[in-house]
Amino acid sequence: MNARFRFRPPFGHAPSPVPPIAERHGHAPPNQRRFPVFLPAPPPRCGRGAAGKLWDKAREVTCGAVVQPWSGLPIPTLLSCLCSFVAGVIHPWRVTAFERLLWRACRGYLVASFVEMPEPMEDPATGESITWVIFLISYWGEQIGQKIRKISDCFHCQVYLYPESEASRTDTITGLHGQIQELSVTLEETEKYLAEVLDKVAQALPTWRVQVQKMKAIYLVLNQCSFDVTQKCLIAEVWCPVQDLTQVQDALRQASVSGSASSSWRVPTSESPPTLIRTNKFTAGFQSIVDAYGVASYQEVNPAPYAIITFPFIFAIMFGDVGHGLLMFLFALWMVLYEDSPRLRQGTNEIWLTFFEGRYLILLMGAFSIYTGFIYNECFSKATAIFPSAWSVATMANHSSWSSEYLAAHPSLTLDPNVTGVFRGPYPFGIDPIWSLATNHLNFLNSFKMKMSVVLGIVHMGFGVVLGVFNHVHFKQHHRLVLEFLPEIIFLLALFGYLVFLIFYKWIKFSAADSLVAPSILIHFIDMFLFTSNAENLPLYPGQVPVQTVLVLLALASVPVLLLGTPLYQWCRRRAPRMVRPRAMGGSVGITGRSHRWCCPGAVAGHGGTGAAAGGHLDFAEIFMHQAIHTIEYCLGCVSNTASYLRLWALSLAHAQLSEVLWTMVMRNGFVGLSYVGGVVLVPVFAAFAVLTVAILLVMEGLSAFLHALRLHWVEFQNKFYVGAGYKLCPFAFAPDTWE
């Protein structure tokens, strides 16, 4: 703590005359001179002795002059000649210890002042931002100064030269201000120059990034090549499609002209070639769905072209609604129209990128949902009367005894199609809108959608079995046409194809007049497997029981053929003596690439197990086990897969019921009031209806229908012919997506 003292002569002494030093220098003024002196107050333990020493020292310095409080006068030349200063900065944590040690070491013969810097500065040693403390120490005597400097060094203080005279201090401050201004100007110019350099770099950075990526990709491929020490060249074996082989050879010839010799030739190989399926922005989404199940084996039938139609259609069966499909179609159409926008293509959200990559798939799903919505006659769960209804209520009222009492007692009226004029024929397109008003419309839709699901499912599975024929023919496995395809198609059509026949036959045979005596297809189908007949359930056509018995026996007879046909054929072929003609398996292109039309032993093995025979080794037990698993999976799968297609019926009804509940419980409440207040209430009600429609029916129900359609394609459709045991061809190319 600093204090200001006013010194008087010691006790009992009179004021001294003008100091002798002042006389020697010729500065004896007529009045006494008063000098300001600031001294720290001694600690309480020092007592009077310390104060006496301090007084003696002050008296020696002032030569016996009377010291008065500071009155704003300039410092005398005498005192400035006797005082010395030490200035510097110190860490704020060391100030207290530094001040205490100075006091004790110098016994109070100093004046110290500590001030914090207005702004923090960086520590050059640690880089830490610290609010340093500036200190200024005035002292008397050279010994005291040496002590102060040593203590400052011990506390790692930054000591700076402090000029002795006022003029020197003024010149120093002026010089420092000039240096600060020069440094400020230099830093400003440097920042401007760096900003210009960075602007130029920012313009050239995309080009540099592309060049670096290309160089890294090239060197990565070159590092995979083999180095021939004798020939001093690089040797590489790569796959190349035959369609692109000419371009690769032209590129090599151009490189040879520029100075580096290169050559290419085909190399025989027994490896399984990779699969290259060329896609565009429309088919890429559908091919991704197929590849997620498994990449096609080499030259295997690719189900992606057929999925372009079947996948959106199966999705639309479960998502049939004109309004919901239109919203989905417009959303996908917006992505398609602005597909070249960088904001859409370079998004960081993974979910958004998934939607954007499948924009054409969503577009077709929305379009097919609109179509099936017209079939179901549903638009946000409400029916639309595009054509006049085929049912006539007026005709029914004219031909019946509906009195006022009858109408009051029966809130629901029955329209009898057997009455002439009540039912005038089928509705031109889709379901008649009058069914939306009927109390039994759910029963009608259940029967319609359940049978529709079974029919479409069996047709879909049968189409998958037929696609297997192309694999058998392409890989020259003609024995599989007889020993596998024929038993499979007989088993499927004899049982479940016959079920489709019964459904259509009943629709055609029975009308509204004899609908009450129409037999049950389900009971007939059960009796078919039990080899029995039900007297209460009339036959659909004469001779139905013998026909069903023959079909079941035919289906059962196809199972042993499917189980034992291929293994026995392989065993007999192995035992039969034959001449083996050597031939080169496949082809490849050294250095440039391999052909895109090799015979693929891996794919052949995956489609019948002939790869083992071609390799000279045949494990009959392994072939039999593989065929047994395939037979059990196919026979049981025909039953389970047919039942699995009933999900089309279930999800279609669920979507319709959710849409109806949302309209009844939310949107219909907005039409209660017809006044201005009702119009105001309609706005938040419609907002809630729109949010729930998008969140529940479009997003959640759409995702559910998408996953179920995906399962039907992967499990029920593709396993009838698709192996998916290949691997993709990853050609060397500079993909523009990496730097756009």
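Start by selecting helix H4, residues 95-106: its twelve residues reach 16 Å from first C-alpha to last, close to the 16 Å expected at 1.5 Å a residue. That expected span is 1.5 Å times one less than the number of residues. Helices (H or I, at least four residues) and strands (E, at least two) are DSSP runs, numbered from the N terminus.

Before you click further, note that this is a predicted model, where local features need pLDDT of at least 70 and side-chain atom pairs count only at pLDDT 80 or more, while totals for chains, interfaces and linings use all residues. Residues are numbered from 1 along each chain as its sequence is written, and side-chain values use heavy atoms, with hydrogens and water left out.

**Stop 1: around H4**

Show side chains for Val95, Phe98, Leu102 and Cys106, which are buried in H4; buried means under 20% relative accessible area, exposed over 50%, and partly exposed in between (1.4 Å probe, protein chains only). These four sit on the same side of H4, because they cover an arc of only 65° around the axis. The arc is that of the directions from the helix axis to the C-beta atoms. As a reminder, an α-helix has 3.6 residues a turn, so residues three or four places apart point the same way.

Now look at the face turned away from the buried side: Thr96 and Arg104 are there, and they are exposed. For the cover over the buried residues, select S3, S4, S7 and helix H5 (142-154), which are among the elements that provide it. Just after H4, click arginine 107, with its positive phi of about 55°.

**Stop 2: the sheet**

Next, select S4, S7, S3 and S8, in that order: they make an open sheet of four strands with antiparallel pairing. The edge strands are S4 and S8 (158-160), each pairing on one side only. From one strand to the next, the twist averages 20°. Two strands count as paired if DSSP finds at least two bridges between them.

H4 packs on this sheet, touching S3, S4 and S7, and its direction makes about 175° with that of S4. H5 packs on the sheet too, touching S3, S4, S7 and S8, with its direction at about 160° to that of S7. Contact here means heavy atoms within 4.5 Å; axes are lines fitted to C-alpha atoms, for helices over the stretch in contact, and angles run from 0 to 180 degrees between N-to-C directions.

Zoom in on S7, residues 133-140. Six of its eight residues are buried, so S7 is largely enclosed by the rest of the structure. Strand S3 (residues 83-90) runs antiparallel to S7 and is joined to it by eight bridges; pick valine 86 and you'll find isoleucine 137 of S7 opposite. Strand S4 (residues 110-116) also pairs with S7 in the antiparallel sense, over seven bridges. There, phenylalanine 114 has phenylalanine 135 as its bridge partner in S7, and valine 111 stands opposite serine 138.

**Stop 3: H8 to H9**

Jump to glutamine 299, in the loop between helix H8 (284-293) and H9. Its phi is positive, about 65°, although glutamine 299 is not a glycine. At 31% relative accessibility, this residue counts as partly exposed.

Then pick alanine 304 in helix H9 (residues 304-318). Alanine 304 is buried, with a relative accessible area of 5%. Leaving aside neighbours within four places in sequence, alanine 304 is in contact with Phe286, Gln287 and Val290. Draw a C-alpha to C-alpha distance from alanine 304 to serine 288: they are 8.6 Å apart in space and 16 residues apart in sequence.

**Stop 4: the annotated spans**

An unreviewed UniProt entry lists "transmembrane region" for several spans, including 313-338, 358-376 and 454-473; such annotations may be inferred rather than shown by experiment, feature names are shortened, and positions are in the numbering used here. Select 313-338: this span is 85% helix and 0% strand, with end C-alpha atoms 25 Å apart. Residues 454-473 are 100% helix and 0% strand, with ends 30 Å apart.

Helix H16 covers residues 441-474, and its end C-alpha atoms are 50 Å apart, which agrees with the 50 Å that 34 residues should span at 1.5 Å a residue. Lysine 476 follows H16, with a positive phi near 55°.

Finish at asparagine 377, in the loop between helix H13 (359-376) and helix H14 (393-398). Asparagine 377 has a positive phi of about 60° and counts as buried at 7% relative accessibility.
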